[in-house]
Structures are given as C-alpha cells and as structure tokens.
Amino acid sequence: MTDITANQKDLSIRPSADRCLHGNIRVPGDKSISHRALMLGAIATGETTIEGLLLGEDPRSTAQCFRRLGAEISELNTQLVRVRGVGLGNLQEPTDILDCGNSGTTMRLMLGILASHPDKFFTMTGDHSLRSRPMSRVVKPLQQMGAQIWGRQGNALAPLAIQGQRLQGIHYHSPIASAQVKSCILLAGLMAEGQTTVTEPALSRDHSERMLKAFGAEIQVDPETHSVTVTGQAQLQGQPVVVPGDISSAAFWLVGAAIAPGSELIVENVGVNPTRTGILEALAMMDADIELINQRVVAGEPVADLRVRHSQLKACTIAGDIIPRLIDEIPILAVAAIFARGTTVIRDAAELRVKESDRLQVMATQLNRLGARVTELPDGLEITGGTPLTGTEVDSHDDHRVAMSLAIAALCAKDTTTIHRAEAAAISYPEFTSTLQEAIGG
Ligand code: S3P
C-alpha cells in the first residue's frame, strides 16, 4: 500500500506497485471566483451569499482585508458565507496595514478598488514572495487613471501606499494577457469618470466580467479584440454566488490518474469556463483519456464532472494563446510530460517566472532531482519523457502548485520522495493530502 506521511511542513510519499487513483472525488472551490465573490460582495450594496467558497489561505487573506475595510463577512465555511457590503465607494480607511499574505490576486485586485476611494489612505503588504512580485503592471495603468500609489523600487514592489483619488476612465492596451491586470483596472473603472476599457493580447480568465455583470455593472465584451469595457459610477447589488470546484486543483488528479497505470477517477463539480480549460485541451493533445460528463451551468459558470482514465501520453507543444488559459497548470503539465513519449515543449510562458516562485526554474530543478530530463528555456520548458523517476528530497520553495505537482510526480517514482515545505498546498488546496489518501484507497 502506498505510504503517505505528512508532518507540519513536509510530505513523504512511498508508492507501492498498485499506486493507481480511483473513486469519485471533489476539489475545493475555485480560487479566482472565491476572491471575486468576497470582493464584489464587500463593495456591493446589500447581502451576498457564497456557497462553496475556497477555505485556502489566499481567500482568507482577502476576507481579512475586506473586514478591515468595513465589510461584514461571516465565519468562512463551504456551506454559506454571508457578506454584507458597504456599497460602492464606502470602504473605510483602515487603521493598520492590509496584509495580502501570499496572494497576488488579493493585492492586485484590491489595489484597483482602493485607488478609486477618494480622500482615503491605505497601505498593503504581503509575504516574502508577494513582496518580490511585480506590481508596476497594475500601478502604471492606475496612475494613468490618476491614482496615487507609492512602493519600493520606483513604485514597483510592495509594501504599497495608496492615497485614493477620483479616477478617470482610460483605454488600456495591456502588454500581457493577465486577468489580474484586467480585473484591477475594471474594478478601478467602476468608480471612475466615463468608460474604462482593457484590451489584452490574448484572452485571460473572464470571471470578473461574468460576476460584475451579475452584480449589475455595465460590462461590454468584444471577443474579437479581447477587450472589456466597464461604465463608471456603477451600482452593484449583492447576489448569491455558487463557487464551482477549481479546475486548477482538479488538474493534479487529471494528470495523476492519466499517468498512474490502472487509474480511473471522477472529479466532480469542476468549473469548465472556456477561459480556464486550456489544461483539458493540452491533455487531449497528449492523448489523455478525459471525458466531460453531466455538463451544466451553475450561477453563470459552466460546470462538469471529469472522468479520467490512465492512458499512454504523447508529447506535444504548448505555446501561444493557450498559455493564459492554462497558466497555473504548467507545473503539473510538466509532470505529465515526463510520462509522455517524446519531447514536450512549453513556450511563451515567461510569466511563470513571476508567480509565487520562479516556476520554470523551480520545476526544472526539482523534477531533474527526481531523474527527469527537463531543460529550462527563457520562456518555458523542454521535457523529454520516458525516464523513470526515483524518489529523493525535493522542495516546494513555498509554492503551493509546485508542492502538489511534486507529490503527483512522487506517486509515480520508485522509493520514497520527501517534499519539503509541502504545507504551502494550503494556499489553494488545504485538503490535498487527505484527498490523495482517499484516491489511493488509504
Ligand atoms: C488569477 C490570474 C492569474 C493566475 C492566478 C489567479 C486571477 O494570474 O495565475 O493564480 O484570479 O485573476 P495573472 O492574471 O497574473 O496571469
């Protein structure tokens, strides 16, 4: 029987010969949708109810910040969280620094909201990783709207200080396809004069647009040019939100079952918004056996159960416009590629260098420690499949998605793998280890 031992920081996995994954499992709520439900609930008028909220560290950071800003948010649980919003423009000036923890989404989206609160002063910070992540990508467009923001290294790094202002709508042509940048500017545009438009080079996740519409904002989308426009001086009304399971969390099980012989798994209730399903397309290109069953729409987001069976994977090239639609799944796709025939090439993914860790560098180093053949490219990875993995000590570098990707690789390695700092998984998936135990029948 596969042996899994976890202490507070590390996770050790000693797989047995029958290491397959089976049964029906559920993944926690979508992280992006959870952040947005808390934020829009906090700035809308009236009550927002949230079902299926992710109880990970990141949404907890968002909830804590918005409580400090005056929103009433009930105790967090997956059944029903109630948010009593303050109404647009009515957030309070907090008496202390807002702590975004490890969460880039909290910091970047909240920045757009706070920068548009005239006459109020805010400060925000985050953990070691977040304080090294680029903020100029949101600070610069906000400054074009009239925002006043200060930070380290020419206003590029947190901690940040914000003196709220009355903002002007702009048309911003973003150099990167980033939902965090797009959402930050749209949120600032809610209170700005006139219209605010964001045009992206490729389509990024559209949860903000969907939810803003549901809350009553005037949103126009032009799919041809990847542009979204919000009309300022909006009115937002609290809504019931149902959060689907996170496809980024489901991705670990999709790849785990695809590479572990004998596996057959159903991951229930997964969000399959087309701006997030790049992982399904990439795995289909690799000949993975994945079927979408019971497709439905829940509270404005498409949802399905995903059935996955083991199959022999083949290499593929992943590059271009698909990258923003699978940006968080590249670490686990790298694991899939180790078990594929041929050489998989991932390009146009330089953004991975400024995530919770430098995911290109960290994944290449850690997977090579296990015996994989991974070459780091300036904007991607080249992975030659077919080399057997042997367990050893690896390190998540405090990155949740790295920790979980290494655990799936460990399941298909010989001998014991110990993943140091594996507790980082709690950022987006606190139940990861117990679900792993459940799926291997432990
Ligand atoms: C997110 C957008 C993505 C993603 C992150 C969550 C969001 O970041 O990597 O985990 O909720 O908007 P970028 O928009 O910076 O690519």
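Which side chains does a polar contact of 2.6 Å join? The side chains are those of T106 and S103.

## Basis of the report

This is a predicted model, in which local features need pLDDT of at least 70 and side-chain atom pairs count only at pLDDT 80 or more, while totals for chains, interfaces and linings use all residues. Residues are numbered from 1 along each chain as its sequence is written, and side-chain values use heavy atoms, with hydrogens and water left out.

T106 belongs to helix α3, which covers residues 104-115. Helices (H or I, at least four residues) and strands (E, at least two) are DSSP runs, numbered from the N terminus. With a relative accessibility of 0%, T106 counts as buried. Buried means under 20% relative accessible area, exposed means over 50%, and partly exposed lies in between (1.4 Å probe, protein chains only).

Besides the contact with S103, the side chain of T106 makes a polar contact of 2.7 Å with the side chain of T62. A polar contact is a pair of N or O atoms within 3.5 Å; within protein, one must be able to donate a hydrogen and the other to accept it, and residues adjacent in sequence count only if both atoms are side-chain atoms.

## The ligand and its surroundings

The ligand sits in the largest pocket. A pocket is found on a 1 Å grid over the protein atoms alone, as an open set of points where a 1.4 Å probe fits, with protein on both sides within 12 Å along at least five of seven lines. A molecule sits in a pocket if more than half of its atoms lie within 2 Å of its grid points.

The residues that surround the ligand are K31, S32, R36, T105, S178, A179, Q180, R205, I327, D328 and K355; a residue counts here if one of its heavy atoms lies within 4 Å of the molecule. Helices α1 (31-43) and α6 (179-189) each supply at least two residues of this shell, and α1 provides the largest share, 3 residues.

An N or O atom in the side chain of S32 is 2.7 Å from a ligand oxygen, a polar side-chain atom of S178 lies 2.8 Å from one, and a polar side-chain atom of K355 lies 2.7 Å from one. Taken alone, the ligand exposes 380 Å², of which the protein buries 95%; these areas come from the Shrake-Rupley method with a 1.4 Å probe.

## Cysteines

How many disulfides does a search of the whole structure find? The search finds 0. A disulfide is a covalent bond between the sulfur atoms of two cysteines, and the cut-off used here is a pair of cysteine sulfur atoms within 2.5 Å.

The sulfur of C100 is too far for a bond because the closest cysteine sulfur, in C65, is 4.5 Å away. C100 is buried, at 0% relative accessible area. For C316, the closest cysteine sulfur is in C412, 18 Å away and therefore too far for a bond. C316 also counts as buried, with 8% relative accessibility.

## Backbone features

A cis peptide bond joins A158 and P159, with omega about 5°. P159 lies in strand β10, residues 157-163.

D348 lies in the loop between β22 (343-346) and α11 (359-369) and is partly exposed at 44% relative accessibility. H397 is found in the loop between β26 (393-395) and α12 (400-411), and H397 is partly exposed at 35%.

How values were computed:
On a 1 Å grid over the protein atoms alone, a cavity is a set of points where a 1.4 Å probe fits but cannot get out, and a pocket is an open set with protein on both sides within 12 Å along at least five of seven lines; lining residues have an atom within 4 Å of a point.
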